[in-house]
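Hi,

Here is the model I promised to pass on. Have a look at it first, and my notes follow below.

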There are 2 protein chains.
Amino acid sequence: MTTSPSRDGSAGHRIAGRLRDAILRGDYAPGARIRQEDIAEEFGASRIPVREALRILESDGLVTLVANTGAWVAHLSLAECEEVYQIRERIEPLLLRYSLPNLPPYTLGRLQELADQMQAGTDVATFLHLDREFHLLSYSGATTSILGDTVHRLWNSTQHYRRAFTLLIGPDGNRAVHYEHQLLVGALRRGDSEDAERVLAGHIRRTRLELGRHPELFAQD
Amino acid sequence: MTTSPSRDGSAGHRIAGRLRDAILRGDYAPGARIRQEDIAEEFGASRIPVREALRILESDGLVTLVANTGAWVAHLSLAECEEVYQIRERIEPLLLRYSLPNLPPYTLGRLQELADQMQAGTDVATFLHLDREFHLLSYSGATTSILGDTVHRLWNSTQHYRRAFTLLIGPDGNRAVHYEHQLLVGALRRGDSEDAERVLAGHIRRTRLELGRHPELFAQD
DNA sequence: ATATCGCAGATTGCATCCAATGCCAACGAA
DNA sequence: TTCGTTGGCATTGGATGCAATCTGCGATAT
């Protein structure tokens with residue numbers, strides 16, 4: 001009774017979770033319209049929990065709602081995407097600092113595994129999955145509530161462009177990514193918070209600058 | 001047209017706005033329970049738009065929802081509040097940097113007015129209002145979407161504790177606040193973004209450290 | 001006396017139906 | 001031909017009623 005039956009208790013949350021996965025997986029393109037009735041039918045529910053789900057996803061930054069008009073899969077302009085990366089560059093090192101003292105050896109080992117696996121080379125979909133797991137796992141020691149949620153939101157809202165970018169240049173398009181991952185794991189294993197923060201900030205910053213060189217990813221339609 | 005003024009957005013948004021003001025004004029204490037039916041009756045609406053409003057306020061960080069159980073006015077622990085200030089310390093200078101180049105002379109003059117007015121001394125309620133207007137106005141030149149919203153959320157979620165703290169030490173409890181405001185306006189008028197960012201970061205940091213000396217503001221019940 | 005089980009009241013969650021709003025195409029006038 | 005208007009249609013927003021779930025109090029057994 002205290003386990004987790006109420007986690008996905010409400011239909012609204014269940015629908016939100018499934019929709020979130022679908023959007024993050026790329027099943028819906030940014031800017032695509034979402035009709036309440038379609039989703040309701042797809043999940044065998046009425047439109048009330050669908051509206052609930054859309055609200056949740058809006059607060060996640062994955063959906064844009066316009067009153068009396070409809071819902072669309074959120075899309076970012078290049079400027080907005082760079083903005084997100086600027087925010088991440090400043091707060092993810094902070095989150096990492098909260099996390100580092102609480103990372104158990106097992107997790108540090110797993111991080112090394114993930115970095116090695118990415119460096120060894122994989123397909124794009126796997127790389128995206130591993131990269132996401134790598135970074136979010138490095139934050140898993142943090143017991144923060146607001147900061148962790150905020151970072152999650154930022155990751156989600158840029159997931160699509162991260163995929164588009166990786167598809168463009170390939171999972172090995174820039175070796176620096178792997179070097180930075182290795183340096184980050186090294187700093188974490190030494191417990192060197194300061195160095196880890198610096199490497200991470202540089203990692204995010206470099207990604208932002210690379211993204212800025214590909215405005216075609218943000219073409220409006 | 002002859003009906004009620006429901007044209008300014010959906011009823012859910014109207015209710016959310018009114019509730020938000022009430023919470024920020026302190027009409028509801030953190031941790032207080034919010035029953036859907038009470039709010040619905042108060043606004044002469046059904047519970048559907050009330051739930052919409054509660055969702056909006058949850059994404060604002062002002063309300064905590066628990067499935068099948070209810071809604072409460074959000075309350076922060078000291079650790080969470082310090083966390084919010086750590087985030088603000090890192091991203092508000094960034095927002096200020098986006099804003100500064102677009103601040104018109106009129107706004108700079110108004111900022112000077114506000115700083116002077118606070119320094120001249122007022123009651124607590126007025127000080128809180130002026131301080132909020134001052135800082136948010138200094139960000140008004142920024143055309144950012146995500147960053148501005150994030151900062152707004154953080155301000156809202158800590159508003160209650162800012163009020164409690166100011167009530168405790170008075171609007172003149174620490175002169176440094178006014179000096180920092182004056183330094184900030186000076187840097188803004190000179191267009192010195194770097195200095196403005198530094199002053200602002202210090203301002204937020206000092207406030208965080210002061211808050212940390214008053215854990216009694218966060219007593220749980 | 002204390003802990004546990006169970007029932008009743010209260011509260012939230014969801015489905016159905018109806019109203020309001022926005023979009024769009026067809027029509028008419030300049 | 002082009003612009004403005006108007007009507008219908010599709011979609012979202014809201015109210016009511018009912019089902020599911022949780023909290024609190026009381027009874028009972030140990």
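Which residues of β3(A) are on the covered face, and which are on the uncovered one? A:Ala71 and A:Val73 make up the covered face, while A:Gly70 and A:Trp72 make up the uncovered one.

Before the rest, some housekeeping. This is a predicted model, in which local features need pLDDT of at least 70 and side-chain atom pairs count only at pLDDT 80 or more, whereas totals for chains, interfaces and linings use all residues. Residues are numbered from 1 along each chain as its sequence is written, and chains are lettered from A and ligands numbered from 1 in the order in which they are written.

The sheet in chain A

The strand above belongs to an open sheet of three strands in chain A, ordered β1-β3-β2 with antiparallel pairing. (Helices, H or I with at least four residues, and strands, E with at least two, are DSSP runs numbered from the N terminus; two strands pair if DSSP finds at least two bridges between them.) β1 (33-34) and β2 (63-66) of chain A are at the edges with a single partner strand each, so one side of each has no neighbour in the sheet. Helix α3 (residues 47-59) of chain A packs on this sheet, where it touches β2 and β3 of chain A, and its direction makes about 120° with that of β2(A). For that angle, axes are lines fitted to C-alpha atoms, for helices over the stretch in contact, and angles run from 0 to 180 degrees between N-to-C directions.

As for the pairing itself, β1(A) is joined to β3 (residues 70-73) of chain A by two bridges, and β2(A) is joined to β3(A) by four. A:Ala71 turns up on both sides: it is the bridge partner of A:Ile34 and also of A:Leu65. A:Trp72 in β3(A) has A:Arg33 standing opposite.

The hairpin

Three residues lie between β2(A) and β3(A) in their hairpin, and A:Asn68 there takes a positive phi near 60°, although A:Asn68 is not a glycine. A:Asn68 counts as exposed because it has 7 C-beta neighbours inside 10 Å. (Buried means 20 or more other C-beta atoms within 10 Å of the residue's own, exposed 12 or fewer, and partly exposed in between, with C-beta atoms placed from the backbone.) In chain B, B:Asn68 has a positive phi of about 60° too, in the loop between β2 (63-66) and β3 (70-73) of chain B, and B:Asn68 is exposed, with 7 other C-beta atoms within 10 Å.

A residue is near a strand if its C-beta atom, placed from the backbone, lies within 6 Å of it. Of the 20 residues around DNA strand C, A:Ser10, A:Ala11, A:Ser46, A:Asn68 and B:Gln36 come nearest. The elements giving two or more residues to that surface are α1 (11-25) and α3 of chain A, along with α2 (36-43) of chain B.

α3(B) gives the most, with four residues.

How A meets B

The contact takes 22 residues from chain A and 21 residues from chain B, with contact meaning C-beta atoms, placed from the backbone, within 7 Å. On the chain B side, α3, α4 (78-99) and α7 (146-169) each give two or more residues, and α4(B) has the largest share, eight residues.

A rotation of 180° with 0.0 Å of shift along its axis superposes chain B on chain A, RMSD 0.1 Å, by least squares on the C-alpha atoms of residues with pLDDT of at least 70 in both. The two copies are therefore related as by a two-fold rotation axis. The same surface serves both: 100% of the contact residues of chain B recur in chain A.

Cheers

Notes. Two residues are in contact if their C-beta atoms, placed from the backbone, lie within 7 Å.
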